[in-house]
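We will go from stop to stop, and at each one you select something and look.

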Amino acid sequence: MSTEDVRIQGNSVADLAEEFGTPLFVYDAGVLERTYSELRDQLPDPVDIFFSLKANPNISVCGYLNSQGAGAEVSSYAELITALRAGVDPQDIIFVGPGKDERELTACVESGIHAVVCESLQEVRQLDAVAVARGDGPVPVLLRVNPSFDTKGSGLAMGGKPRQFGIDEEELRRSRSELAHLRKTKIKGFHAYMGTRFLNHEDVLHNTREILATSEDLAAQLGFPLEAVDFGGGLGIAYFDNEHDLDLTALGEGMREAVAPFAQRNPRCRLIMELGRFLTAMAGMYVVRARYVKESKGELFVVADGGTNHHMAAVGVGSFVKRNFPVAHLGRPGDRPTHRYTLTGPLCTPNDVVAKKVELPEVKAGDLIGVERSGAYGPTASPGLFLSHGYPAEVMVVNGRAHVVRERDLAEDLLAKQHLIDFDDASRAGTS
């Protein structure tokens, strides 16, 4: 039997769980640094890496990636404030999203970010009106194009079909006259995002070549110099059996071939690759403690203190067949699997299944279970308020020291913004 438990930069996960409680997300800053640097080493110099906060909007995660050299792609007012407070230079921030309100557009103008990614011609007009009203400008804009081409290999494809995102390429090609009459906005280039979870580098390279070519063609047709292109990213992480991580060496070689001639023709054009999941997923672990181990009709269940309320991504939304994230018995990592367990949380729903029939060493009440590769789309994509459990604590280990980077929600936190009506007083007021 193994006696060595799992450690993160020398810290026993059992000790972290004891100190900070469970459920718990733990992020390893060393893995964040290694992931970023390995990708940076492979990409050609003209390509800047921007971190998509939607994958993990924790301010310390954003700040640490920024310290390594990453910019920020944000999609809400709160994400913009997060990036700025994390220390990201406004000129290394872009704001995307199909439904920005006036407060968000105003904040973009006030902050002086690198570009607002406009996803409709109406939004361009709205931003122009905001800038005119404030007397600011010119405000830099990237037009999000919904290209006519499609691709394969993505878990969520974004091109070649009707979408709420972006402006259809065909419509954009007809918009030269309208764009020419903008008063306080300046079109700098284009943004395109073709999908997510690409595990084949050829699909990423295909997208990159097509987006760069489309951007050059559109800029020429619409009559403005090409100063920036965000060609998305969507690099995937292998979560499930029979999946393999991206071949970064092959990606880098192909990217250099794709980018070099474009950069030579457009030496003043900034190239942006936006990534969320790829930068953070490997660095995170979701740690839960088994409360009960039970058998029902021949199937063994581990009922843990956390589940899909914190890690909805582990459900495998969009998959016809339930597939499991990598799961480990944190107290016996070297032991041979002896049982099949279905790992569930504390929720009153049959959908609260984190892992189904996963092979583990024997699990007993009180044991710690870790869901690996969980640094992306954990709390940010989960119904943390379901059954009022609230969100878990988040801890980051930096240079061997564990830091709380998000406090655990307590009952008082959840009730603090609610207001109880005095129903007796309301009844009296209603009859007076």
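Helices and strands here are DSSP runs, numbered from the N terminus; a helix has at least four residues and a strand at least two. With that in hand, select Pro23: Pro23 sits in the loop between helix 1 (13-20) and strand 3 (24-28). Keep in mind that this is a predicted model.

**Stop 1: two cis peptide bonds**

Now select Gly137 and Pro138. The peptide bond from Gly137 to Pro138 is cis too, and omega is near -5°. Where is Pro138? Look in the loop between helix 6 and strand 8 (139-146).

**Stop 2: helix 5 against helix 6**

Select residues 102-111 for helix 5 and residues 121-134 for helix 6. Their axes come within 10 Å and cross at roughly 60°. That angle makes helix 5 oblique to helix 6. The crossing of the two helices is right-handed.

Show the side chains next. From helix 5, the contact uses Glu102, Leu105, Thr106, Val109 and Glu110. From helix 6, Gln126, Leu127, Val130 and Arg134 take part. Colour them by class. The contact of helix 5 with helix 6 has four nonpolar, two polar and three charged residues.

**Stop 3: helix 2 against helix 10**

Select residues 29-42, which are helix 2, and residues 248-265, which are helix 10. The axes come within 8 Å and cross at roughly 40°. So helix 2 is oblique to helix 10.

Which residues make the contact? On helix 2, pick Glu38, Leu39 and Gln42. On helix 10, pick Leu248, Thr249, Leu251, Gly252 and Arg256. By class, the contact of helix 2 with helix 10 holds three nonpolar, three polar and two charged residues.

**Stop 4: the cysteines**

How many disulfides are there? The count is zero. A disulfide is a covalent bond between the sulfur atoms of two cysteines. The cut-off used for a pair of sulfur atoms is 2.5 Å.

Select Cys62. Is Cys62 buried or exposed? Cys62 counts as buried because its relative accessibility is 2%, and buried means under 20%.

Move on to Cys108. Cys108 is in no disulfide either; the nearest cysteine sulfur, that of Cys118, is 8.8 Å away. Cys108 is buried, with a relative accessible area of 2%.

**Stop 5: Ala355**

Select residues 353-360 to see strand 17, then pick out Ala355 within the strand. Ala355 counts as buried, since its relative accessibility is 0%.

What touches Ala355, leaving aside its neighbours within four places in sequence? Ala355 is in contact with Lys322, Asn324, Val327, Tyr341, Thr342 and Leu343.

Ala355 and Thr196 are 159 residues apart along the chain, and 22 Å separates their C-alpha atoms.

**Stop 6: two positive phi angles**

Select Asn242, in the loop between strand 11 (228-233) and helix 10. Asn242 is not a glycine, yet its phi is positive, about 70°. Asn242 counts as exposed, at 78% relative accessibility.

Finish at Ser388. Look in the loop between strand 18 (368-371) and strand 19 (393-398). Phi of Ser388 is also positive, near 60°, in a residue other than glycine. Ser388 is exposed, with a relative accessible area of 53%.

Notes. Residues numbered from 1 in each chain as written. Predicted model: local features only at pLDDT ≥ 70, side-chain atom pairs only at ≥ 80, totals over all residues. Heavy atoms only, no water. Buried < 20%, exposed > 50% of the residue type's maximum accessible area, 1.4 Å probe, protein only. Axes fitted to C-alpha atoms, helices over the stretch in contact; angles between N-to-C directions. Parallel < 35°, antiparallel > 145°, perpendicular 65-115°, else oblique. Contact = heavy atoms within 4.5 Å. Nonpolar A, V, L, I, M, F, W, Y, C, P; charged D, E, K, R; others polar. Left-handed = near helix turned anticlockwise from the far one by under 90°.
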